[in-house]
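Hi,

Here is the structure I promised to pass on.

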Amino acid sequence: MSNHLSDRITNMSTSATLAMAAKARELRNAGKDIIGLSLGEPDFNIPDFIKDAAKQAIDDNYSSYSPVDGYADLKQAIANKFKRDNNLTYGLNQIVVSTGAKQSLANIAMCMLNK
């Protein structure tokens, strides 16, 4: 089978984050008590109310790209949570919902750094 992939891809190394996660799994499987801090994944099962909300979103046809900074109703729920639990007040223009920390950090760097 011939290789039709670019040199850039065939020479790409494993993500450090994924390598750390694999090592944590390996150590866990060997019986070690490991706290993995590499991936932003919860170490608990998804609560039923979140599963139900996801299923409802599918039924409600939430099937297109979300706004870049997140849905306004989600941002409002986040603002409400901060006010209720932490007595902090934020406007919707101060809250961004992203797909993860790496994306947010990359976006910040692209906005703030020239080189």
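In what follows, a residue is called exposed when its relative accessible area is over 50%, buried when that value is under 20%, and partly exposed in between. Leu 113 has 55% relative accessibility, so it counts as exposed. Please keep in mind that this is a predicted model.

Leu 113 sits in the segment that follows helix 5 (101-112). Together with Leu 105, Ile 108 and Met 112, Leu 113 makes a nonpolar surface patch of about 460 Å².

I also looked at the aromatic rings. How many aromatic pairs does a search of the whole structure find? The search turns up two.

One is formed by Tyr 62 and Tyr 71: the ring centres are 5.3 Å apart and the planes lie at 80°, so this pair is edge-to-face. Planes have to be over 60 degrees apart for that label. Tyr 62 has a relative accessibility of 45% and therefore counts as partly exposed. Tyr 71, at 27%, is partly exposed as well.

The other pair joins Phe 82 and Tyr 90. Here the centres are 5.5 Å apart with the planes at 65°, which means that this pair is edge-to-face too. Phe 82 counts as partly exposed, with 29% relative accessibility, and Tyr 90 is partly exposed with a relative accessible area of 36%.

That is what I have for you. Happy browsing!

Best wishes

Methods
Residues are numbered from 1 along each chain as its sequence is written. This is a predicted model: local features need pLDDT of at least 70, side-chain atom pairs count only at pLDDT 80 or more; totals for chains, interfaces and linings use all residues. Side-chain values use heavy atoms; hydrogens and water are left out. Rings of Phe, Tyr and Trp (its six-membered ring) pair if their centres lie within 6.5 Å; planes under 30 degrees apart count as stacked, over 60 as edge-to-face and the rest as tilted. Buried means under 20% relative accessible area, exposed over 50%, partly exposed in between (1.4 Å probe, protein chains only). Patches are made of residues with over 30% relative accessible area and no salt bridge: like charges are joined within 9 Å, nonpolar side chains (Val, Leu, Ile, Met, Phe, Trp, Tyr) within 5 Å. Accessible areas come from the Shrake-Rupley method with a 1.4 Å probe; for residues, only the protein chains shown count as cover. A salt bridge is a side-chain nitrogen of Lys or Arg within 4 Å of a carboxyl oxygen of Asp or Glu. Helices (H or I, at least four residues) and strands (E, at least two) are DSSP runs, numbered from the N terminus.
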